[in-house]
Amino acid sequence: MSKRVLSCIQPTGDIHFGNYFGAVKNWVSLQDQYNCMYGVVDYHAMTMPYNPKKLKENTWELVYNLLAVGVKAENLFIQSLIPEHAELGWIFNNFASYGRVENMTQFKDKSKQSSQGKEGFISVGLYDYPVLQAADILIYRADFVPVGEDQKQHLELTKEIANRFNNQVGKEYFVLPEMLRTETPKIMSTADPTRKMSKSAGEKHNISIFADEKRLRKQIGSAVTDSGEPTSEMSPGLANLFQLLKAANNLTAHDEQMAAYTSGALKYSELKGIVADTLVGLNREFVEKKEAITADKKAIKNQIKASSAEIRKRAQATIREVKDLCGLSNVKF
Ligand code: AQP
């Protein structure tokens with residue numbers, strides 16, 4: 001039987017080049033080799049202040065976007081259509097260490113963001129979401145998890161939960177999943193290259209792969225680089241632009257620009273122009289495919305509801321076994 005791959009993305013906005021180069025691009029190629037399941041995790045999108053109507057819109061928009069970049073409909077599910085994720089999440093709360101969850105970097109970053117918002121509110125859901133994420137992965141007994149570098153700590157937590165569960169029930173029930181990185185596991189914000197490109201950090205901190213061309217060019221054109229003074233190390237902003245070129249597979253331009261940097265002849269405006277052209281090339285392909293896909297939204301919705309129902313069967317099988325193993329009642333009503 002082929003190995004299982006699981007990964008998820010939150011419907012909190014458009015797919016940006018960080019999501020794409022760090023994870024989603026890999027999702028597409030892995031489909032030829034493995035048994036893949038990819039989730040649009042709407043329960044997770046509730047952990048930061050959100051708007052219910054917008055959440056539903058964003059969920060379907062993300063489905064269309066994922067299909068447009070090449071994810072197959074039969075591999076795609078919507079998390080809230082599979083409530084067993086939340087059930088396993090609760091069970092896992094009892095196998096997750098409070099101190100470890102409290103130390104998650106993403107929680108620290110996002111709780112700061114959340115507390116600075118209008119309501120100054122940090123939800124228990126935000127604190128607990130890495131435990132739900134462990135359930136997302138383990139409910140399918142995934143072998144591999146293709147994610148960006150920012151998820152490394154969460155995957156370690158997932159393994160800890162699996163280990164504690166296995167020890168408690170006296171059986172190697174859950175396999176310990178391995179992280180699959182791309183060659184560019186962390187793309188930085190072009191507006192602030194010291195922080196990762198992110199949806200929830202605000203508009204200027206991410207570049208949508210479906211962006212309007214003018215906006216995309218403007219964002220790359222205004223990317224923070226450095227003052228141009230010679231330094232011993234390349235600045236994070238410049239390194240990020242080179243990284244984008246490489247990730248988009250424009251290796252000739254990457255090597256030429258790098259040679260110019262090494263000899264001190266690099267023109268920042270020229271580099272930015274090349275990066276923008278390269279990303280626009282990809283962006284046009286995605287936009288075209290999305291137009292074709294969204295011609296029949298109703299058919300897509302039906303397809304994704306059906307694939308979620310099919311994938312749910314695997315989650316239900318795990319939940320039944322887990323409940324038996326940990327002493328919970330298990331009756332078929
Ligand atoms: N900057 C990044 N570089 C590389 N990979 C990244 N990923 C996210 N940002 C980068 C990877 O994209 C996948 C989906 O991420 P997500 O939407 O579930 O949540 P996230 O990691 O928290 O991404 P964002 O954009 O920062 O979303 P918000 O702001 O809504 O939380 C993951 O595999 C992630 O590693």
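1. Domain division. In this predicted model, the protein is divided into domain 1, comprising 4-185 together with 297-326, and domain 2, comprising 203-292. The centres of the two domains, taken over C-alpha atoms, are separated by 30 Å. Domain 1 brings 13 residues to the contact, and domain 2 brings 15 residues.

2. Area between the domains. About 1,300 Å² is buried between domain 1 and domain 2, and carbon and sulfur atoms give 73% of that area. On the side of domain 1, the residues that lose the most area to domain 2 are Phe17, Phe21 and Ala68, which together make up 44% of what that side buries.

3. Polar and charged pairs between the domains. Six residue pairs are in polar contact between domain 1 and domain 2, counting residues at pLDDT 80 or more. The count of salt bridges between the two domains is one. Helices H1 (17-30) and H2 (52-69) each supply at least two residues of the side of domain 1 that touches domain 2. The most is given by H2, with five residues. Elsewhere in the list of charged pairs, the side chains of Lys290 and Glu61 meet in a salt bridge, with N to O at 2.4 Å.

4. Helix H12. This helix covers residues 297-325, and its 29 residues should span 42 Å at 1.5 Å a residue; the end C-alpha atoms are 42 Å apart, which agrees. The buried residues of H12 are Ile300, Ile304, Ser307, Ser308, Ile311, Ala315, Thr318, Ile319, Val322 and Lys323. An α-helix has 3.6 residues a turn, so residues three or four places apart point the same way. Just after H12, Gly327 adopts a positive phi of about 85°.

5. Asn206. This residue lies in the loop between strand E5 (178-180) and helix H8 (213-221). Is Asn206 buried or exposed? Asn206 is buried, because its relative accessible area is 12% and the cut-off for buried is under 20%. The side chain of Asn206 reaches the backbone oxygen of Ser198 at 3.2 Å. Apart from neighbours within four places in sequence, the residues in contact with Asn206 are His16, Met197, Ser198, Lys199, Arg215 and Gln219.

6. Salt bridges from helix H7. The count of salt bridges comes to 14. One of the pairs joins Arg100 and Glu160, whose closest N and O atoms are 2.5 Å apart. Arg100 lies in helix H4 (residues 98-102) and Glu160 in helix H7 (residues 152-169), so this pair ties together parts that are 60 residues apart in sequence. Both ends are partly exposed: Arg100 has a relative accessible area of 34%, and Glu160 has a relative accessibility of 24%. A further salt bridge links Lys159 to Glu178, with the closest N and O atoms 3.6 Å apart. Lys159 lies in helix H7 and Glu178 in strand E5, so the parts tied together are 19 residues apart in sequence. Lys159 counts as buried at 17% relative accessibility, whereas Glu178 counts as partly exposed at 39%.

7. Why are Arg217 and Glu213 separated by about one helical turn? They are four residues apart in helix H8. The side chains of Arg217 and Glu213 meet in a salt bridge, with N to O at 3.2 Å. Arg217 counts as partly exposed at 32% relative accessibility, and Glu213 counts as partly exposed at 27%. Glu213 and Arg217 are linked with Asp277 and Arg284 in a network of salt bridges.

8. Gln153. This residue is found in helix H7 and is partly exposed, with a relative accessible area of 28%. Which residues are in contact with Gln153, leaving aside its neighbours within four places in sequence? They are Asn103, Met104 and Thr105. The side chain of Gln153 reaches the backbone oxygen of Asn103 at 3.3 Å.

How values were computed: Residues are numbered from 1 along each chain as its sequence is written. This is a predicted model: local features need pLDDT of at least 70, side-chain atom pairs count only at pLDDT 80 or more; totals for chains, interfaces and linings use all residues. Side-chain values use heavy atoms; hydrogens and water are left out. The expected span of a helix is 1.5 Å times one less than its number of residues. Buried means under 20% relative accessible area, exposed over 50%, partly exposed in between (1.4 Å probe, protein chains only). Domain bounds come from an automatic or database domain assignment. Contact means heavy atoms within 4.5 Å. Buried area is the accessible area (1.4 Å probe) that two parts lose on being put together, summed over both. A salt bridge is a side-chain nitrogen of Lys or Arg within 4 Å of a carboxyl oxygen of Asp or Glu. A polar contact is a pair of N or O atoms within 3.5 Å; within protein, one must be able to donate a hydrogen and the other to accept it, and residues adjacent in sequence count only if both atoms are side-chain atoms.
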